[in-house]
Amino acid sequence: MKKILANKMGFIVTAGFAAVMALSIASCVASQSVAAKSGAQLWAENCQHCHNTPSPGSFSGDQWETIGMHMQTRALITEDERNKIVSFLQQTAR
Amino acid sequence: MKNSLHNRARQIARAIAPFLAILMAIGAQGQQAAPKTDSVTEARLLALEKHVALHKPGQSHLLVVGLTTFGYTSFNTVTTTAGVNTTTKSSVMGNSDTYEFSPMFLIRQGKKVLLEFEPSFNHDGVGVNWAAISYFARPNLIIRGGYFVLPFGIYTKKLAAGWINKVATDPIGLPTGQDYGVEVSGGLPLGSMKWNYDLSVTNGLNLMPDGTLSSVNLGANSRTKTFTGRLGLLPLHDNSLELGVSAMTGGVANGQAQFSNGRADLYALDLNYVKNVDPFQINIKGQYNTVNVGSQNYVNPVDTTKRYTFNNQSKAGYGQFSIRPIESQSAFVKNLEFAIRYGMYNTPANSTWGANTTQLDYGVNYWINWRTVLRVTYEVVDSKSTAAIVSGPSEIKTGALHIQFSIQL
């Protein structure tokens, strides 16, 4: 039994991961923390993870929309986070 | 005289009254119904309306951003061969660490499609960092195709840009970065935590005659594909910590008879921690990766008709710590950042390229604004040879002083 489990471990881990991922994508429920956080807070927390937090006045509202999509592909923030961060930046954009 | 003028005015008013009435009637008619147009004009209007409808103003948006880096590096190299040290000094403006010009084109179509294209000019000439199309299929599912950065480890995809990096050079020993293929990725909530996934199938790795791996431009010679994936977990509610695990696997023979069934398995662990602890911002980053190709028969560079073998396993990793007094009262001091990085890279012993290499960096950055940095880095790279077959230096130790300016626009 142990041997079978050991042999199938790769498959079990992969299948488990795929199931969790599929359920998560399908549910698309915002996490409690994201739902409770403001766009400004998410902007501060997520951007500085890789680089300095950008100045909202650096780009126009339309440009922030495009940059938000680019950063979602790069930093893999959730869509809720992206929407809140972009809204915050657009409110204070140039 | 007064009466005469008055009468004259009355006569003029009587004379023009009918004309004014006609003009007012025409004006009223014009307001009630649009003038008729001929068939040619109508056809032209229809064509223009169709053109405007296709153009979808407001849905398509082009943004040109990008980065550039330039600087100066001074080298002092000590080479040890058969116990004898030789010192050489040189300096350069425009090597891989001191020059890059990379505009980035982002083309957004609505809120579902994004094209990303970044050509780059550096000392190797003109190349492309990435050229891919992303489709935002579900809120947290992005499907991408094209030429993109592989999701292996954290540095290459997220931290490599000159205006993001904390020291002037890249860590040593990170596997190659980009390839052609398809990718799915996204970030997902997990209670008060978050996690993200990034999985790709790409053209694949290729095993070179000396045992090193290359990754791109295989074209029709690509017979097996490479699977790469990274899972990231952000366990803390403030997103300050991210832990990642990556794997890359695939056949590498691509029809080369001497490497029958050859494959490569690569694994990586990475860490990224950024925390504001008043008055500082603390930044810790690290990555450790292994490359395992196993034993194959490689071409003997001394006698190419002969073969030899070695355990083709490489290990590399780096750890980096930086600190910035972001809450300092002094405008000058708050823009300073101090960084230290240690890296190691061990390539296969008894190969022609075997070496145990360490890399130590000390850096000071001055942030002119959030995306512009002036940095000074002193780096020592010490490489001790473990190579066989070919003769060469037993040790090369290089001290380098980098002065670098980097900006993102």
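What follows is a chat about a predicted model with chains A and B.

Trainee: Before I dig in, what should I know about the numbering and the confidence limits?
Mentor: Residues are numbered from 1 along each chain as its sequence is written, and chains are lettered from A and ligands numbered from 1 in the order in which they are written. As this is a predicted model, local features need pLDDT of at least 70 and side-chain atom pairs count only at pLDDT 80 or more, while totals for chains, interfaces and linings use all residues.

Trainee: Which residues of α3(A) are buried?
Mentor: Leu42(A), Trp43(A), Glu45(A) and Asn46(A). The buried residues of α3(A) pack against α4 and α5 (79–91) of chain A.

Trainee: How do the α3(A) and α5(A) axes cross?
Mentor: They come within 8 Å and cross at roughly 105°. The axes are lines fitted to C-alpha atoms, for helices over the stretch in contact, and angles run from 0 to 180 degrees between N-to-C directions. α3(A) and α5(A) are therefore roughly perpendicular to each other; that label covers 65 to 115 degrees, with under 35 roughly parallel, over 145 roughly antiparallel and the rest oblique.

Trainee: Who makes that contact?
Mentor: On α3(A), the residues include Trp43(A) and Asn46(A), and on α5(A) they include Ile85(A) and Phe88(A). In contact means that the C-beta atoms, placed from the backbone, lie within 7 Å.

Trainee: Switching topic: how many residues touch between the chains?
Mentor: 34 residues of chain A are in contact with 40 residues of chain B. On the chain A side, the largest share, ten residues, comes from α4(A). By class, that side divides into twelve nonpolar, 17 polar and five charged. For the classes, Ala, Val, Leu, Ile, Met, Phe, Trp, Tyr, Cys and Pro count as nonpolar, Asp, Glu, Lys and Arg as charged, and the others, Gly among them, as polar.

Trainee: How many residues are in the largest nonpolar core?
Mentor: There are 15, and those with the most contacts inside it include Phe152(B), Leu207(B) and Val293(B). Such a core is a set of buried Ala, Val, Leu, Ile, Met, Phe, Trp, Tyr and Cys residues joined through C-beta atoms within 7 Å. The largest share, three residues, comes from β13(B). A second, separate core of eleven residues includes Ala75(A), Leu76(A), Ile85(A) and Leu89(A).

Trainee: Now the strands. What does β21(B) pair with?
Mentor: β1 (residues 60–81) of chain B joins β21 (residues 395–408) by 14 bridges, running antiparallel, and β20 (residues 372–385) joins β21(B) by 13 bridges, also antiparallel. Strands pair if DSSP finds at least two bridges between them. Thr77(B) stands opposite Thr398(B), and Lys384(B) faces Glu395(B).

Trainee: What about β11(B) and its hairpin?
Mentor: β11(B) and β12(B) form the hairpin, with six residues between them, and Asn239(B) in the turn has a positive phi of about 60°. Eight bridges join this antiparallel pair, with Thr228(B) opposite Met248(B). Thr228(B) is also the bridge partner of Ser200(B).

Methods
Two residues are in contact if their C-beta atoms, placed from the backbone, lie within 7 Å. Helices (H or I, at least four residues) and strands (E, at least two) are DSSP runs, numbered from the N terminus. A residue is buried if 20 or more other C-beta atoms lie within 10 Å of its own, exposed if 12 or fewer, and partly exposed in between; C-beta atoms are placed from the backbone.
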